[in-house]
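User: Could you take me through the packing in this model? I would like to begin with individual residues and then turn to the helices.

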Amino acid sequence: AKEKGGNTFQLYRSEMNIRSLERLNMEIDLRRAMERGEIMVYYQPIVDLGSGRIYGMEALVRWKHPIRGMISPAEFIPLAEETGLIVPIGNWVLKEACRQNEEWISQGLPPLVVAVNISVNQFQQPGFIQLIKGTLESTGLDPKLLCLEITENVAMKNVNYIVETIDKLRELGVRISIDDFGTGYSSLSYLKRFRVHTLKIDQSFIQELTTDEENAAIVTALIAMSHKMNIKALAEGVETKAQLEFLRRYGCDEIQGYLFSTPLPVSDFEHLIRVNRNL
Ligand code: C2E
Ligand code: CA
Ligand code: CA
Ligand code: CA
């Protein structure tokens, strides 16, 4: 039995080594990815339910690896967070999204609001406000056409600092969304203190919205609550017509999901908004 235990340990250890080696390789690759232009941004439309038109888009990072192909952010964002690489990557995505949005406007396309995911790390970097200011200045984008998406767990670290930073961002004219609302370390008292423009209802509540009574109760309550607080409600992960009808009935303001469009590369998104203009 002792010997068997030893073998199990050996096996476990070599698996660990392979895993940490893979991780190390991935970290080295990720460090080079930006220089090599392998990091890119896809855009997923956000639709205003009142008008039925595209209101904005979420910038979603993609890694086009030369051997492994397209790598999902779910696979490399956690590593990027751990290694601190999320700061240069996230700052690049922010600048690229602002630059691209301004380029579309200068081409005469209708102005849209671009939403950018901001990680805890980025948000807590000294000089974050200055970074946002500088990015808006250098790209020439109107501050009200930029929305920053922060997750609730950002809040956990230092609430006073978050409240202050959000207020300063609002003064700049930038919009703020709370992402993945209802998951993680959610607390309604934060929602009260963080003066945000939009609440993004997490997609886990939208799935089975029309077949699960608890999800339906949560979603209708979140929509009603945000409206009473003068906050817009956005449902993410909308995949079916039935979900859309439900959300429309309960007055949800905006939707995002595969039903309307998956995240698209720049040229496909541009095509979509050109067609949308002609509707
Ligand atoms: P998120 O911010 O919650 O983004 C929404 C995710 O849901 C995206 O996954 C999007 O492709 C996916 N999605 C959209 N509509 C649907 C739908 O109808 N059904 C389903 N099943 N999924 C849908 P993606 O692009 O893989 O991104 C995953 C996560 O990675 C994001 O979740 C976000 O937390 C993170 N992420 C992406 N880009 C960035 C970035 O630039 N910076 C940071 N810090 N995080 C990012
Ligand atoms: Ca998001
Ligand atoms: Ca989300
Ligand atoms: Ca999510």
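**Buried residues and helix packing**

Analyst: Thr198 counts as buried, because its relative accessibility is 4%. Please note that the model is a predicted one.

User: Where does Thr198 lie?

Analyst: Thr198 is part of strand β7, residues 198–201.

User: And which residues does Thr198 touch?

Analyst: Not counting residues up to four places away in sequence, Thr198 touches Arg175, Ile176, Ser177, Ile178, Ile231, Lys232, Leu234 and Glu254.

User: What about Val41, buried or exposed?

Analyst: Val41 has a relative accessible area of 6%, so this residue is buried. Val41 belongs to strand β1, which covers residues 39–48. Leaving aside neighbours within four places in sequence, Val41 is in contact with Ala59, Leu60, Trp92, Val93, Glu96 and Val266.

User: How far apart are the C-alpha atoms of Val41 and Leu234?

Analyst: A distance of 21 Å separates those C-alpha atoms, and the two residues are 193 residues apart along the chain.

User: Now the helices. Which residues of α3 are buried?

Analyst: The buried residues in α3 are Ile86, Val87, Ile89, Gly90, Val93, Leu94, Glu96, Ala97, Cys98, Gln100, Asn101 and Trp104.

User: What span should α3 have, and how far apart are its end C-alpha atoms?

Analyst: Helix α3 has 21 residues (86–106), so at 1.5 Å a residue it should span 30 Å; the end C-alpha atoms are 30 Å apart, in agreement with that. Just after α3, Gly108 adopts a positive phi of about 90°.

User: How do α3 and α5 cross?

Analyst: Their axes come within 9 Å and cross at roughly 35°, and the crossing is right-handed. On the α3 side, Asn91, Leu94, Lys95, Cys98, Arg99 and Glu102 take part, meeting Leu131, Ile132, Thr135, Ser138 and Thr139 of α5. By class, this contact of α3 with α5 has four nonpolar, four polar and three charged residues.

User: And at what angle do α5 and α7 cross?

Analyst: The axes of α5 (residues 128–139) and α7 (residues 159–172) cross at roughly 20° and come within 10 Å. The angle therefore makes α5 roughly parallel to α7. The crossing in which α5 passes α7 is right-handed.

User: Which residues meet there, between α5 and α7?

Analyst: From α5, Phe128, Ile129, Ile132 and Lys133 meet Thr165, Lys168, Leu169 and Leu172 of α7. Sorted by class, the contact of α5 with α7 has five nonpolar, one polar and two charged residues.

Conventions. Residues are numbered from 1 along each chain as its sequence is written. Chains are lettered from A and ligands numbered from 1 in the order in which they are written. This is a predicted model: local features need pLDDT of at least 70, side-chain atom pairs count only at pLDDT 80 or more; totals for chains, interfaces and linings use all residues. Side-chain values use heavy atoms; hydrogens and water are left out. Axes are lines fitted to C-alpha atoms, for helices over the stretch in contact, and angles run from 0 to 180 degrees between N-to-C directions. Helices (H or I, at least four residues) and strands (E, at least two) are DSSP runs, numbered from the N terminus. Angles under 35 degrees count as roughly parallel, over 145 as roughly antiparallel, 65 to 115 as roughly perpendicular and the rest as oblique. A crossing is left-handed if the near helix is turned anticlockwise from the far one by less than a right angle, and right-handed if clockwise. Contact means heavy atoms within 4.5 Å. Ala, Val, Leu, Ile, Met, Phe, Trp, Tyr, Cys and Pro count as nonpolar, Asp, Glu, Lys and Arg as charged, and the others, Gly among them, as polar. The expected span of a helix is 1.5 Å times one less than its number of residues. Buried means under 20% relative accessible area, exposed over 50%, partly exposed in between (1.4 Å probe, protein chains only).
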